[in-house]
Amino acid sequence: MRADLARSIRLFRAFRTEQAKPDAYYTTLAADTAAQLLDRVSLAGATVLDVGGGPGYFADAFRRAGARCVCVDVDAGELTGQGAPGTGVLGSALELPLADGSVDVCFSSNVLEHVPDPWRMADEMARVTREGGLIFLAYTNWLSPWGGHETSPWHYLGGERAARRYARVHGRQPKNRYGRSLFPVSVAHGLRWARSARDVELVDAFPRYLPWWCRPLVKVPVVREFVTWNLVLVLRKLG
Ligand SMILES: C[S@@+](CC[C@H](N)C(=O)[O-])C[C@H]1O[C@@H](n2cnc3c(N)ncnc32)[C@H](O)[C@@H]1O
């Protein structure tokens, strides 16, 4: 795929319509992410697990590329978000209901920051991936301009304060509540986990939505926390 500036602008424009046209936005994002995955692995005949896959937009994109894909999500409402439960399985990312080494590709998009123990989730993803298989883990880091999700950019003043402000202004709690369903995860933490986890090798780490020439930013401490937006870690399961 061409990770050029035009593609980043297209994604950003689509993102601005997320609330009004969620189907169009998630279909666009899933196709883009599938292309990133396909740059690294063939999905033809591959068994793919989408951790926290919700309504299955990514699973649909992977199936179009020839994969057999199952979503595991903790929320039955999210699994049926496109109407039918499809091939979703109810279960937790912190205790995946799969045997060791049972999938060729273990994928997750924007879930890590929603679990209270992110590195346990990452370990679980590594556990269920077969030797030689690929782990593709993408998440929104806390100091990203979108780190606070709908409470952004007030999360820069503190997650709790941002949540209270949101409730005051909108008359309801944010869906992504700091400390309950939204947790601060940094780029540095992700890289540290990737380099220290057993049985995995870090293949690549890059800012998911940004043009290719922004990739070196992931190597710059502090700066990377503010400009990465969303980090992708690509790992290979070792024997
Ligand atoms: C922001 S949505 C991301 C959905 C989709 N992966 C995407 O990128 O559009 C977060 C998803 O993670 C799921 N989730 C949160 N905690 C989870 C857990 N402990 N185990 C499995 N799924 C979880 C939520 O139900 C929701 O579907």
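Predicted model: local features only at pLDDT ≥ 70, side-chain atom pairs only at ≥ 80, totals over all residues.
How are two packed helices described? By the angle between their axes and the distance between the axes. For α2, residues 22–38, and α3, the axes come within 8 Å and cross at roughly 50 degrees. The two helices are therefore oblique to each other, and their crossing is right-handed.

Now the sheet. Strands of a sheet pair through backbone hydrogen bonds, either parallel or antiparallel. Here there are 7 strands in an open sheet with mixed pairing, and the order reads β3-β2-β1-β4-β5-β7-β6. Which strands stand at the edges? They are β3, residues 88–90, and β6, residues 200–207; each has a single partner strand, so one side of each has no neighbour in the sheet. From one strand to the next, the twist averages 20 degrees.

β3 pairs with β2, residues 68–73, in the parallel sense over 3 bridges. Opposite Leu90 in β3 stands Asp73.

Helix α3, residues 57–64, lies across β1, β2 and β4, and runs at about 170 degrees to β2. Helix α5, residues 118–128, lies across β1, β4, β5, β6 and β7, running at about 150 degrees to β5.

Definitions and conventions: Residues numbered from 1 in each chain as written. Heavy atoms only, no water. Pairing = 2+ DSSP bridges. Helix = DSSP H or I, 4+ residues; strand = E, 2+ residues; numbered from the N terminus. Axes fitted to C-alpha atoms, helices over the stretch in contact; angles between N-to-C directions. Contact = heavy atoms within 4.5 Å. Parallel < 35°, antiparallel > 145°, perpendicular 65-115°, else oblique. Left-handed = near helix turned anticlockwise from the far one by under 90°.
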